[in-house]
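Here's a quick walk through some local geometry, strand pairing and helix packing. Have the viewer open and follow along.

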Amino acid sequence: MNARDFLRCWLLAAALTPLAVLAARADTACGPHSDMLVRSDTTLAPVRPAECASVGQTPPEFTWPPQDGDNTYTLTLTRPDGKTESRTTKANWLLWDHALAPGRYSWRIKSSGASTQTSDPRSFTIARDAVPFVVPPPEALLQRAKQTPRPRTWRAGDDALKHLKSSRDAAFRSMLEEVQNKFPAEVQPEPSSGSIESNYEDTVAEQKRTLSAALAWAVTHERRYGDDAFRRVMAQARWNTQGTLAYKTNDMASRTVAWTLALAYDWLHDYLHPSQKAVVAAAIRERVQPMYEEVLKLAAYPYDSHGNISLTIVGAIGALMAGDIPEADAWVTQALPLAVAWTSPWGWEDGGFGNGTAQAFWDTGSNLPAWQVIRSATGLDLSKKDWVRNHGRFLAYFVPPGSPSGVFGDGLELDLHEVWARVGKAYARFAPSPLARWYAHSQRGEDEARFELLMSAQRDGGAAPFPAGSPGAAVFPSIGWAAMHSDLQDPKRVSVYFKSSPYGSYNHSHADQNSFVIHDKGRRLAFASGYYDGYKTAHWNEWYHQTRAANAITFDGGRGQGLNDRRFAGEITRFESTRRYDYAIGHAEKAYDGALTKAQRTIVYLRPDVVLVHDIVAAPEPHAWEWNIHAAERMERVGERTVELRNGPARLCLEMLAAPEVAFEQSNRFTAPPQGNPPPRDQWHGVFQAASPAKDAEFVALMRVGASCAHDGKPSAAASRVPGGWRVDLGQARVTLSGDAVKVE
């Protein structure tokens, strides 16, 4: 195994270390591999646990890319004492049936059938403080669901519904008033627009009305609420399962109807007559069965943003309908364990989410009610799973309280304060930790009448101080993201974000490997530009997803990284965090699809307000290199290599200390303008463009956050060549940049 391959595994092992120095090391016991599990299709299921990883969950989930044809797989696990255990499965994944003691293990896969091969052994380590998470056998989950009294949504004996009525009177009363206001209104007609999005929005609107009335009945047992819920449920049960809301036509809308009917069936169970239950159950079966058959494909191809949520919801619906729909047995025994294996394909043990911060909150908000149903009905507690347990840390570091927007991925520019607050609080109730509780208590503006909160555990009214010793920076190796803050608990903080991701530009991710974002005083300063005006619109394709829209390197008039594929990837190969400074090094050669032989960026953050960026690029052919920067307001050109960025009270002075001969230009034009009413605000796109083509180039850029470029009293900076790299003198600090090494004095 080469140094970079080992680093990927070691990064995963050290991901949760508060202050860690992560760098390449050699280990003769790891790889390299060229066996049956090495596949060229990057959308196939990955090998987990990663080679040489240290995992904080016992046992870990095992996944691997399937072989062609019909095969049976035997997984052989070698324990630290040398003894072996084996399990056989037809699937390309396995949930081990008991906890594993701390120590180093190896495992291998043997396939038999259409493909008869045996993989190389791969190793992993169970950490000493690993959290047990043993999934009961599928038949036990099914039996538990059938035996759980209704409503199965809430755990028996915790008086959740009584608590909902007594202690959340303001939010619950608001919901009741809304239900009463809708009594005179007609039931939502079956959506039949020619627009898939419009049909989905209408379906969601009726879901809220239906579930509000059903919850009102479950809590109060007042007939008027049951009557209103009944008329809405029966209307949706009769909506055409093969029309505009069929699963193949509009997967999210059909899923929404099925989920609404299943929850309402559970909450109205003591209201509905047997004949009425039969009508609702039949409608649920008609909608869920095709969804179930489709989501099983995620075992081989897990990277499906819609399908991944559907998989979890199928498992939850199965838990609600077990015993009442024969097919629900398979939804529990087949889909639910798979949903555990792929709770999120967008990140691994560290809790990261590589498909963008907006999608992270939207997906988590959708999953939380399903996770609660699964825990209540089957006893399977996903809050103990490593990704779920660590996901709150990702939310806190990449959208901390006071953030003006998210970072990276579709929807990055959106102000989602209500969503951040609502999902943050609901998550902290489901998977509480000191950091998650602080994050939830620090957020404001949530709609307390939304189901993520009304269905969740009781409100956390105690103190939630910022956890002492929490570092100002964090790296999430499984997604290739790093966050560096002046003070995480200060809403007016300086925040520096860096990305070089193995997810490449796939799905909702952009072609922005080795890019950075800077926020200050609750404002966006240097950011990824463009607007999420829809999935795969002209603006999405021609600007928003392009490398030139990010603070990243392009060449020859905006040429950048490959689009819409995981193989156009980057990776963080080194990360260090200390009290005074942080730095990360990213490599993005793969992202440029063979056009570049070198694409390395080093970003150094000196607390509280200095950012240094060093780029090394090279290619077989000469290129006119471009260093891009984007801002909310027109940048002030102070000198040939110096510009000032402003956004309200926030400002930043950018000086290109070292570079080829360059000229700075800026415009507020997009290659394809975003659509919207009113039209989105202008943004400014700056570029330091090399005057003449060359096969290689280096850039050293200094950004002083909060500083004016003129008369700011800051010490002058200078970059000078030293053997193997550059030395940057910053008054009281000196930074030496040499290859993959950074030294801060």
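N564 counts as partly exposed, at 34% relative accessibility; the label covers everything between buried (under 20% relative accessible area) and exposed (over 50%), using a 1.4 Å probe and protein chains only. N564 also has a positive phi of about 60° although it is not a glycine, and it is found in the loop between β15 and β16 (571-577). Helices (H or I, at least four residues) and strands (E, at least two) are DSSP runs numbered from the N terminus.

Before going further, the model is predicted, so local features need pLDDT of at least 70, side-chain atom pairs count only at pLDDT 80 or more, and totals for chains, interfaces and linings use all residues. Residues are numbered from 1 along each chain as its sequence is written, and side-chain values use heavy atoms, with hydrogens and water left out.

N514 is another non-glycine residue with a positive phi, near 65°. N514 sits in the loop between β12 and β13 and is buried, with a relative accessible area of 7%.

Two cis peptide bonds are worth a look as well. One runs from R48 to P49, with omega near 0°, and P49 is in the loop between β1 (21-22) and β2 (53-58). Another joins T58 and P59, with omega about 0°; P59 is in the loop between β2 and β3 (61-63).

Strands of a sheet pair through backbone hydrogen bonds, either parallel or antiparallel. Here, five strands make an open sheet in the order β10-β11-β12-β13-β14, with antiparallel pairing. At the edges are β10 (473-476) and β14 (523-526), each pairing on one side only. Neighbouring strands are turned by 20° against each other on average, direction ignored; axes are lines fitted to C-alpha atoms (for helices over the stretch in contact), and angles run from 0 to 180 degrees between N-to-C directions.

For pairing, DSSP has to find at least two bridges between two strands. The table gives some pairs, including one from a second sheet.

| Strand pair | Bridges | Sense |
|---|---|---|
| β10 and β11 | four bridges | antiparallel |
| β11 and β12 | five bridges | antiparallel |
| β13 and β14 | three bridges | antiparallel |
| β20 and β25 | six bridges | antiparallel |

β10 and β11 form a hairpin with four residues between them, and G480 in the turn has a positive phi of about 70°. A473 has M484 in β11 as its bridge partner, while W481 stands opposite K499 in β12. Further along the sheet, H519 is bridged to R524 in β14.

How many residues of β11 are buried? Five of its five are, so to speak, under cover. In a regular strand the side chains alternate between the two faces of the sheet. In β11, W481, A483 and H485 point one way and A482 and M484 the other way, and all are buried.

Helix α12 (residues 386-398) lies across β10, β11 (481-485) and β12 (494-499), running at about 125° to β10. Contact here means heavy atoms within 4.5 Å.

Two packed helices are described by the angle between their axes and the distance between the axes. For α11 (residues 357-378) and α12, the angle is about 145° and the axes are 12 Å apart. On the α11 side, T357, A360, F361, T364 and W371 meet W387, V388, H391, F394, L395 and F398 in α12. By class, that contact has eight nonpolar, three polar and no charged residues; Ala, Val, Leu, Ile, Met, Phe, Trp, Tyr, Cys and Pro count as nonpolar, Asp, Glu, Lys and Arg as charged, and the others, Gly among them, as polar.

**The four-stranded sheet**

Another open sheet has four strands in the order β15-β20-β25-β24, again with antiparallel pairing. Its edge strands are β15 (553-555) and β24 (662-667), each of which pairs on one side only. The twist averages 30° from one strand to the next. N628 stands opposite V687 in β25.

T256 touches Y200, T203, V204 and Q207, not counting residues up to four places away in sequence.
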